[in-house]
Amino acid sequence: MKILGLVASPRRAGNSELLVKEMLASLPADNQKEMIRLTDLNIKMCKACYACLPAGKKCNIEDDLDFLLDRIRAADALIIASPCYFLGPHTSIKTIGDRLISVMGDSHEFNGKKCVTVVTYGINSWEGYAREAVNNFARFLHLDVVGDLLVHAAIPGEALDEDIKTAAHELVKRLIAPPGGDKSSSGGLTCADCDSSLLQISASGHVRCVMCGTTGQLQCESGQFSIHYTNKILPRFSPEGMTEHGRTLESYKERYISKRRELAQLCKPYSDYDWWVYPNNQQ
Ligand SMILES: Cc1cc2nc3c(=O)[nH]c(=O)nc-3n(C[C@H](O)[C@H](O)[C@H](O)COP(=O)(O)O)c2cc1C
């Protein structure tokens, strides 16, 4: 199998890089191994031009996104590792993630590739939403997230603790395991569909996963809480859910095209408000 490790940390020999290397090195030698440091790529921000819609059209920004997507297409399975920065993932995850509208309908190309994710964070209980953001980045790439690891390690090298390495070895084995293997989460009450721990709970006990929209009802029996999931929506990260989302975006583009003159009239007076300021070198 060809296993691709994506490292979303600018830190050379940092914890994310070390863990990806540790995981790849622990796999049998007959697997092909490749790594890409996302922060080394030239990836520009999405311009929100929607030129990549409808499905089948490509993003027209010229940078390294195609290189990255081609390497992912060529891989059989992936490891994605990111440090937690300001309670979220590294910016490269968000910047690349924002460019994925162009592959929203391409599940046939990526689907079925297993992926495990690793998030390193330095301060106890400051992991924020980084795990969920990295997992959903993988899901927006149509990857099948079969497990993840949150690693408390601040200084480069601290992730090479024996217990962490053992957990990383166990996790990466899931990439080469036969289909239908263990997908168990880190525990606690998480979303039944996407395993996110970011659940909104109303005073009446209604539960909504803020990541995938799955809903349910909080229940308590003998002092033990559980969630009874009542969701009837199409799973957001399934091929059908992604295709539906792509169609929704296409309908927004059509609505924009049909209303743009009317909207331009509404917006026109605001172009006179010119309060922008720029750095000296951009004037
Ligand atoms: C800009 C910046 C922001 C950070 N924000 C957080 C944070 O919000 N929570 C946390 O636990 N650690 C935070 N950290 C610590 C890193 O997550 C931690 O050092 C991690 O091991 C870095 O992984 P790396 O060596 O792969 O880059 C931050 C580090 C930097 C440089």
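This is a predicted model: local features need pLDDT of at least 70, side-chain atom pairs count only at pLDDT 80 or more; totals for chains, interfaces and linings use all residues.
Residues are numbered from 1 along each chain as its sequence is written.

**Stop 1: around Ile 93.** Ile 93 sits in helix 3 (residues 91-98). Helices (H or I, at least four residues) and strands (E, at least two) are DSSP runs, numbered from the N terminus. Which residues does Ile 93 touch, leaving out those up to four places away in sequence? They are Ala 8, Ser 82, Ala 133, Val 134 and Phe 137. Contact here means C-beta atoms, placed from the backbone, within 7 Å.

**Stop 2: helix 5.** Ala 133, Val 134 and Phe 137 are among the buried residues of helix 5. Select residues 130-140: 11 of the 11 residues of helix 5 are buried. What do the buried residues of helix 5 pack against? Show strand 3, helix 3, strand 4 and strand 5. Then step past the helix to His 142, where phi is positive, near 70°.

**Stop 3: strand 4.** Select residues 114-121. Eight of the eight residues of strand 4 are buried. One side carries Lys 114, Val 116, Val 118 and Thr 120; the other carries Cys 115, Thr 117, Val 119 and Tyr 121. Both faces are covered.

Next, bring in the neighbours. Strands pair if DSSP finds at least two bridges between them. Strand 3 (residues 77-83) runs parallel to strand 4 over seven bridges. Pro 83 has Thr 120 as its bridge partner. Strand 5 (residues 144-152) also pairs with strand 4 in the parallel sense, over eight bridges. Look for Tyr 121 opposite His 152. The chain goes from strand 4 through helix 5 to strand 5, a right-handed β-α-β crossover. (Right-handed: with the strands pointing away from the viewer, the path from the first strand over the helix to the second runs clockwise.)

**Stop 4: strands 1 and 2.** Select residues 2-7 and 32-37. Strand 1 and strand 2 run parallel, joined by six bridges. Leu 6 pairs with Ile 36. With helix 1 (residues 15-26) the two strands form a right-handed β-α-β unit.

**Stop 5: the ligand.** Of the 20 residues around the ligand, which come nearest? Select Gly 14, Ser 16, Pro 83, Gly 122 and Trp 126. A residue is near if its C-beta atom, placed from the backbone, lies within 6 Å. Helix 1 and strand 4 each supply at least two residues of this shell. By class, the shell has 11 nonpolar, seven polar and two charged residues. Ala, Val, Leu, Ile, Met, Phe, Trp, Tyr, Cys and Pro count as nonpolar, Asp, Glu, Lys and Arg as charged, the others, Gly among them, as polar.

**Stop 6: two domains.** Colour domain 1 (2-176) and domain 2 (192-272). These bounds come from an automatic or database domain assignment. Their centres, taken over C-alpha atoms, are 23 Å apart.

How values were computed. A residue is buried if 20 or more other C-beta atoms lie within 10 Å of its own, exposed if 12 or fewer, and partly exposed in between; C-beta atoms are placed from the backbone. Two residues are in contact if their C-beta atoms, placed from the backbone, lie within 7 Å.
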